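Hi everyone, thanks for making time.

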Amino acid sequence: MKTVKFLTSALAAVAMTATLASCDKNGGEEADPVENIILESGASLSGRYNDNITLKAGNYTLPSSLQITAPGSLTIEPGTTITAEDNGNIIYILIEQGAKINANGTADAPVTMTCSTEESGAWGGLHICGYAHTNAGSGSSEIGNAAYGGNNDQDNSGSLQYLIIEYSGYALDQDHEANGLSLYGVGNGTTISNIYVKNGNDDGIEFFGGSVDIDHCIVENCGDDSYDWTEGWNGKAEYIVAYQPENSSCDCLMECDNNGNKVDATPNSHPTISYATLIGADAADDPEGEKKFGVKFRAGTYVNMDHAIVTGKTVSISLETTHTIASFAGDDPQSTIANTLISGTFASEAPDTYGSTQFAAGEGNSTSFDGTFENNYVGMTDGCGAVDAGNDWTAWIR
């Protein structure tokens, strides 16, 4: 039987450092978990471990990055806050392939991951690597250089519920930025529900391949795209909100790719998006005349979108690349958009194949949404509080 060690805050930092060597690779093999470590509020977290670590409800600091390797796990009790220390270094939490994170808060006691400096880009967010497919072969995470990808779409990396991630988006360099929640080849055995990512400097939630499903997620005021997918993601996103406030530097509400280097790479990105409320605040072109985009379907991605609102951008939906646009054509199209209301234009690089005319003819679609929700909130039975305060699944963040 494994030893269960309870640590007080006074001993926690020393013990965490002392066990660090337990997961170092010698000869390419991972050791079994050395211990089940239970930490009490006040502990300082850092290092790379293959232990099973449990954080009791309370407050913890993160002076440097925390990585969990197989076959270890990180369990976080409801009501826990982890605060990264803004000390000039990139600080993040990384769950490697074969390891798990179980951060299961509640509506009344969410788990919070934040930073001592309450500014976007102050720390590196949460990164999870799994064994599910990608169409880019095996890869390494942008932050932490951890392997991801494989052929197990049922892979289980744990469970995230009622989790807040804020002030993420640290830029390691021009090509390596940290999203709020980065999902690398994560399988659909993983639970991701009721996530709130806010005030980040890069994307809110990004998928790099994988098959993981998400539901009841909110991304607010993240500096790049609210949601982003690439490398063959084919999961579901149900009941999601993107909100970009006025005068923000945000980019797209959704930026959607198959593979930017090879648009016909397989398996193809082909998620299902349902009950999406996507709200921008950049309806006018910028002074240089650059269009503001809501949703870009491009780089060969397919999609099935049903019951969505896209508002507050010059171009609500844009279709780009021949491969993507062709997926909407024919009697049995691979891609579909239905019951979707937009307040900006619908743009297409090949309007004769599928453009604004075909979109407007689709079931329940409209290009004349007036930007208000009181009278036009179609089908979103678990909608925003501005519509139905008695049935507001976002109430836990307020």
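Let's begin with Ile164, which you'll find in strand β15, residues 158-166; strands here are DSSP runs of E, at least two residues long, numbered from the N terminus. Before I go on, this is a predicted model, so local features need pLDDT of at least 70 and side-chain atom pairs count only at pLDDT 80 or more, while totals for chains, interfaces and linings use all residues. Residues are numbered from 1 along each chain as its sequence is written, and side-chain values use heavy atoms, with hydrogens and water left out.

So, is Ile164 buried or exposed? Its relative accessibility is 12%, so Ile164 counts as buried. Buried means under 20% relative accessible area, exposed is over 50%, and partly exposed is in between, using a 1.4 Å probe and protein chains only. If we skip its neighbours within four places in sequence, Ile164 touches Pro110, Val111, Thr112, Met113, Tyr196 and Trp396, where contact means heavy atoms within 4.5 Å. Ile164 and Ile218 are 54 residues apart in sequence, with 9.6 Å from C-alpha to C-alpha.

Next stop, His216, in strand β21, residues 214-220. His216 is buried too, at 15% relative accessible area. From His216 to Gln161 you go 55 residues in sequence, but 9.7 Å in space, C-alpha to C-alpha.

Now, the aromatics. Rings of Phe, Tyr and Trp (its six-membered ring) pair if their centres lie within 6.5 Å; planes under 30 degrees apart are stacked, over 60 edge-to-face, and the rest tilted. How many aromatic pairs does that rule give? The count is eleven. Take Tyr184 and Phe208: the ring centres are 4.3 Å apart and the planes are at 10 degrees, so this pair is stacked. Tyr184 is in strand β18 (residues 181-184) and Phe208 in strand β20 (residues 205-208), so the pair links distant parts of the chain, 24 residues apart. Both of these residues, Tyr184 and Phe208, are buried.

Phe207 and Trp233 are another stacked pair, at 3.8 Å between centres and 10 degrees between planes. Phe207 sits in strand β20, and Trp233 in the loop between β22 (227-230) and β23 (236-243), 26 residues apart. Phe207 and Trp233 are both buried.

Conventions. Helix = DSSP H or I, 4+ residues; strand = E, 2+ residues; numbered from the N terminus.
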